[in-house]
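Have the structure open as you read.

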Amino acid sequence: MKHTLSVLVENKPGVLARIAGLFRRRGFNIHSLAVAPTENPNLSKMIIVVDLEDKPLEQVEKQLHKLINVIKIQDFLPHEAVERELALIKVKATKENRSEIIQIADIFRAKIVDVSQDSLAIEVTGTEDKIDAIVALLKPYQIIDIARTGKIAVARGKK
Amino acid sequence: MKLTGAEAVVKALEMLGVTDIFGIPGGATLPLTDALSKSKKIKYYLMRHEQCAAHAADGYARATGRVGVCTATSGPGATNLVTGIANAYMDSIPVVAITGQVATTVIGTDAFQEADITGITLPIVKHSYLITDAREIPEVFAEAFYIASTGRPGPVVIDLPRDVQNQIINFKFPEHVNLPGYKPTLKGHVRQIKMAIEELMASERPVLFIGGGVINSGAHEEVKKLAESLKLPVAWTLMGKGAFPDEHELNMGMIGMHGTKTTNTAIMNSDLIFAVGVRFDDRATGNLKKFAPNARIVHIDIDPAEIGKNVKADVPIVGDARSVLAEINRIITEKESTKNNHFKWLEQIFEWKKKWPLKLPDTDDLTAQHVINTISKLAQNRDVLVTTGVGQHQMWTAQFFKLEKPRTFITSGGLGTMGFGFPAAIGAQVGCPEKLVIDIDGDGSFQMVLQDLGTVARYNLPVKVVIINNRYLGMVRQWQELFYGRRYYAVDLEKGSPDFVKLADAYGIKADVVENLSQLEEKVATMLEHKGPFILDARVKEEENVFPMVPAGASLDEIIGGD
C-alpha cells in the first residue's frame, strides 16, 4: 500500500542522503520523492511516497523522527490532501498527426510548451492516475522523453 | 576572542568538560594535535590503533556516564574508527568522534588520505557533521555533545577539514542548544503510567525485565525500590547486568540465549512483562512469535521507535526510565499499595532458583567458569569493574561474575565486537583511576587488539587482563560441535598464538600462567594485589561449552541444559 508523507526538514547538506539511507537500511521502499525549499530558506519540504508491503507505517515515521534534521512529519490520507504531479512529455509528431495530439492534450488540459518539425512537448499536471492516462494515450505516437516530478501534496483546509 | 579553528575545538572541548581524549594523530589533524598540546585541561592518550581509541572512548563513557571522546586523522584513521562507532551505536553509548579531513578545497577529488567518513558512518551514528566553516565550530560541538548524551545516547561524528582547523574565527560559545527537530520526551504520559500500575497490581505472574536503558538513565535505585516494594522478580539482558544486584533474592539472572533456566522459564509463564529500557533483541527473546505467550507487556523506553518494533506493547510509555519509574514509585508509595496476589508465583520462582542454579563444572580441570568465579570471589570487597571481549568467556562472565552496581560490567552487547574488552578496560581505567579494572578476555578476542599493550605500558594503567585461553575461537567451535557435526574448521588458535607471558614481558608488563585448579586462588590473588598492569594467561579446558543454551531461532522454553 502506498502512503504519502510530507516531511519538513532543515535545509542542510546531507539531509537527503540521511533520509534515503534510512529508507534503504530499514527496508522501506521509496516510490517517489520531491524536494524543494519552503518559503523559509532554512527549511525544505520533502514529499515521499512510500510503498509499504509488510512494514508498518508507524515504524517509518518513528525512524524518520529520530533524524535530528527532521522537524515535522505529516501522513496524508487520500481525501485529506490535494495531490498533484507534473509531467513533461516529448512525443513524436508529424504534420499528419500533430492536431490529433493537440486534441488529446486539450482533453487533459495540458499545455504545448515546445514544438518542432517532428516533435511536441506537453506539460500536464494532475493526479498520478491522470498522468498515467495521458501517457497511455500518447504512447502510440512514440514518446521520445518523459520527466515526472513525483507527487507533491498539501493538506486540505487549515491543517 | 580570536582563535584558529583547531584552538576553537580545544576551547569548546574544555568548556564541555572534556578531560581525556583517546586517539592517534595524522596529517589532517596536525593543527588540532598542536592545539591540544597546549591544553592544560585535556590529556591526550596516544593509542596504538584507532579502533582501540574508539573502544576506549566507549569504555570510558560506560564507566563514567560522561561523553567519551576519540580522534583520528582522515582516511584510514577515520575508517579504523568505524567498528568502534558502530559498537557505540548498537549499545546506545555517548561517544564523540573527531576526525580530520582533507582541505575543503580538495574534498571530492580523491585526495591523499581522503575518505567520506560522514557518508561511511551514516547508518551507524546518531548524528554527524562535516564542518566547512570554522565559525560553525562552537555551535557544532555544543550540539554534538548534547545529542550524544541526551535522549537515547549514541555516537556523533565531527569531520574537520584541515583548512578549517587553520581558519581564524571570533570564538563565542552558545549559551544553549536549539535543535528544532530534536526534543526527547523525558516524562512519561500520566494516563499510561496509571495503566502500567494497574497492570502491575492485577498481574499474578509479573516479571520486571530490565536492560541497558536502566543504566544509561541511572534508574537502578528506582528499579530496586519498585522490585522490593512490590516483590517483583527481576530478569535482565546482557546490557542490564549490574543494574540490579546479582545476589539479590529477587534476581533471577540473565534472559535469552545463555540466560538462566529460571528467567527463561519465568518469562514463558509470566502474565506481565514489565520491560524497562530494553529493545527485545533476538538474542534476548529467542523466537519472537513464541515469546512470553501469555503475558501482557508494559514497555518503557526513551526511544519511541523501539516501542512496537519487535513486540507489541499493551501499555507503551515513552520516557526516561528514571523519571517514569520515580513517578510510578511515588504513586505506589503515596497510595501505600502492596501486592499480595503473586506469592504463589514468587514461591515457584524461588523453587526454580534453588533447582536450577548456575553450577561450576564438576571437574578437577581448570575451567573458564572456575577462573571467573574465583576472581569474582576474591574481588568481592574491592571497587571492581569488569570488561569482556565477545564469545564464550563473555557469557561465562555474565553468568558467574557477581556484581551489584551499574557501570561495573562493560561488554559489547548489540554488535558483539571481539576485541572490545581490552581497549574498553583502558578507557574505563582512565575514567575511573581508583577502580580495580579487570578485562576478562578470550584468547581470540585479545589477539585482535593486543598492540595496545603499548598504551597500557606507556601510561602504566593498572588494568588486569585475564585471558580465558582455550586455544579456540570457543563460541564458533561450540556451534560447530553442536550444530555442524563437530567438524571443527578455522577455529583452532593453538598454532600461531604467542606465549602471552613473554609478550607481556616484551612490553615490560608483569604476567603469569595458571594451568591447574590448585594454583588458581593464589595466582588470582597475586594478580589482584599487583599495583600495575598484569596479564594472567588462564590455560583452561579446551572443549567446554556455555550452557544453558537456547539455539538460534528457538523459543526460550526450548532451552538446553541448566538443570
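This is a predicted model: local features need pLDDT of at least 70, side-chain atom pairs count only at pLDDT 80 or more; totals for chains, interfaces and linings use all residues.

How many residues do the touching sides bring? On chain B, 5 residues of domain 1 are in contact with 5 residues of domain 2; contact here means that the C-beta atoms, placed from the backbone, lie within 7 Å. The domain 1 side of that pairing has 1 nonpolar, 2 polar and 2 charged residues. In this scheme Ala, Val, Leu, Ile, Met, Phe, Trp, Tyr, Cys and Pro are nonpolar, Asp, Glu, Lys and Arg are charged, and the others, Gly among them, are polar.

| Domain | Residues |
|---|---|
| Domain 1 of chain A | 2-76 |
| Domain 2 of chain A | 82-155 |

Their C-alpha centres are 28 Å apart, and 9 residues of domain 1 of chain A are in contact with 7 residues of domain 2 of chain A. β2(A) gives the most, with 3 residues. Strands are DSSP runs (E, at least two residues), numbered from the N terminus. By class, this side of domain 1 of chain A has 5 nonpolar, 4 polar and no charged residues.

Residues are numbered from 1 along each chain as its sequence is written, and chains are lettered from A and ligands numbered from 1 in the order in which they are written. Local features need pLDDT of at least 70 and side-chain atom pairs count only at pLDDT 80 or more, while totals for chains, interfaces and linings use all residues.

Conventions. Two residues are in contact if their C-beta atoms, placed from the backbone, lie within 7 Å. Domain bounds come from an automatic or database domain assignment. Helices (H or I, at least four residues) and strands (E, at least two) are DSSP runs, numbered from the N terminus.
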